[in-house]
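This briefing covers the surroundings of a ligand and the arrangement of domains in a protein chain. Please consult the sequence and structure shown below alongside the text.

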Amino acid sequence: MVLFKKVEELKAYLAAQRAKGMQIGYAPTMGALHRGHASLIKKSKAENGLSVCSIFVNPTQFNDPADLEKYPRTEAPDMALLESLKNDVLFYPSVAEIYPDNLTIPTFDFGQIDKVMEGFHRPGHFDGVVQVVYRLIDIVQPDRLYMGQKDFQQFTLIYHMLKQMGSSTELVVCPIIREEDGLALSSRNVRLTPENRANATIISKTLSSLNEWLSSHSVQQVKEKALAQLGSLPDFKPEYLDIVDGYTLQPINDVEESPYVVACAAVWAGNIRLIDNIILKKLD
Ligand code: AMP
């Protein structure tokens, strides 16, 4: 694996690879890599001649400074995992490399898509996400961009950003990788107390029950039931559970309203915020 810390050096290397006809797959991450990240890199490796991964803990997307400070940083095991996956290129830039003084980022209009759920509860978060992904894409110029379904609203915004840019980069969304007990893998899971880690299965259990509940209850009733269940354990507080149209991310009142229905949840387990989602229905 080749490591780059400087934007210009990475760009020169990738330009030379591109000139040789190499297709580039790219998985941006914030490190503390786990099997979820590995699934993106494996797919990128399988579908492209050259696989690029970046590790950059983006300060502009943290609406909570304590969360940024405590975000796990595990450089050595991350490098070892990437080597074991035979990832080709690691981009590991400093904040100054990503955000030089003269940088300008275009603004995008996402309508109501960034106003709900994570956008509503984490003000400014998506501005930071869009800013960093725009900058990273501009540097790497990948043929394919690999992102996880775990961050449903995030990949939806990036899909719209790429469209508005007129970009030729294809967005490839990879399924959620879970622990054996159902908890969606997240870099933040290591910060859960043992008790909260054990109880965190409530999130995937609740999401998996929704379709059955929807067969005999209204969307509103199901949301109430789910929120009650998510808040039933000590130290657990649901922030939201929304049942939305998978394209517009707007809440629906009836599952028959939409061909694509997704439930997204954010839950506090102590002072750790966990998110998860499930596709309840997707008709072609
Ligand atoms: P992060 O390092 O949290 O910014 O995540 C980097 C990428 O990995 C994002 O596209 C995430 O959606 C994806 N990702 C994170 N967790 C998982 C998971 N459990 N399964 C699949 N993809 C994931």
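Which element gives the largest share of the shell around the ligand? In this predicted model, that share comes from H2, which contributes three residues.

**Ligand shell**

- The ligand is surrounded by 16 residues, and the closest are Met30, His37, Asp151, Ile177 and Leu185.
- Sorted by class, the shell around the ligand comprises nine nonpolar, five polar and two charged residues.

- The side chain of Asp151 places an N or O atom 2.6 Å from an oxygen atom of the ligand.
- At Met30, a polar backbone atom is 2.9 Å from an oxygen atom of the ligand.
- A nitrogen atom of the ligand lies 2.9 Å from a backbone N or O atom of Leu185.

**Burial and contributing elements**

- The ligand taken alone exposes 490 Å², and the protein buries 92% of that area.
- Two or more residues of the shell around the ligand come from each of strand S2 (24-29), helix H2 (35-47) and strand S5 (144-148).

**Domain arrangement**

- According to the domain assignment, the protein chain holds domain 1 (2-174) and domain 2 (189-282).
- The centres of domain 1 and domain 2, taken over C-alpha atoms, are separated by 26 Å.

**Interface between the domains**

- In domain 1, 17 residues are in contact with 20 residues of domain 2.
- About 1600 Å² is buried between domain 1 and domain 2, and carbon and sulfur atoms give 57% of this area.

Terms used
Residues are numbered from 1 along each chain as its sequence is written. This is a predicted model: local features need pLDDT of at least 70, side-chain atom pairs count only at pLDDT 80 or more; totals for chains, interfaces and linings use all residues. Side-chain values use heavy atoms; hydrogens and water are left out. A residue is near a molecule or strand if one of its heavy atoms lies within 4 Å of it. A polar contact is a pair of N or O atoms within 3.5 Å; within protein, one must be able to donate a hydrogen and the other to accept it, and residues adjacent in sequence count only if both atoms are side-chain atoms. Accessible areas come from the Shrake-Rupley method with a 1.4 Å probe; for residues, only the protein chains shown count as cover. Helices (H or I, at least four residues) and strands (E, at least two) are DSSP runs, numbered from the N terminus. Ala, Val, Leu, Ile, Met, Phe, Trp, Tyr, Cys and Pro count as nonpolar, Asp, Glu, Lys and Arg as charged, and the others, Gly among them, as polar. Domain bounds come from an automatic or database domain assignment. Contact means heavy atoms within 4.5 Å. Buried area is the accessible area (1.4 Å probe) that two parts lose on being put together, summed over both.
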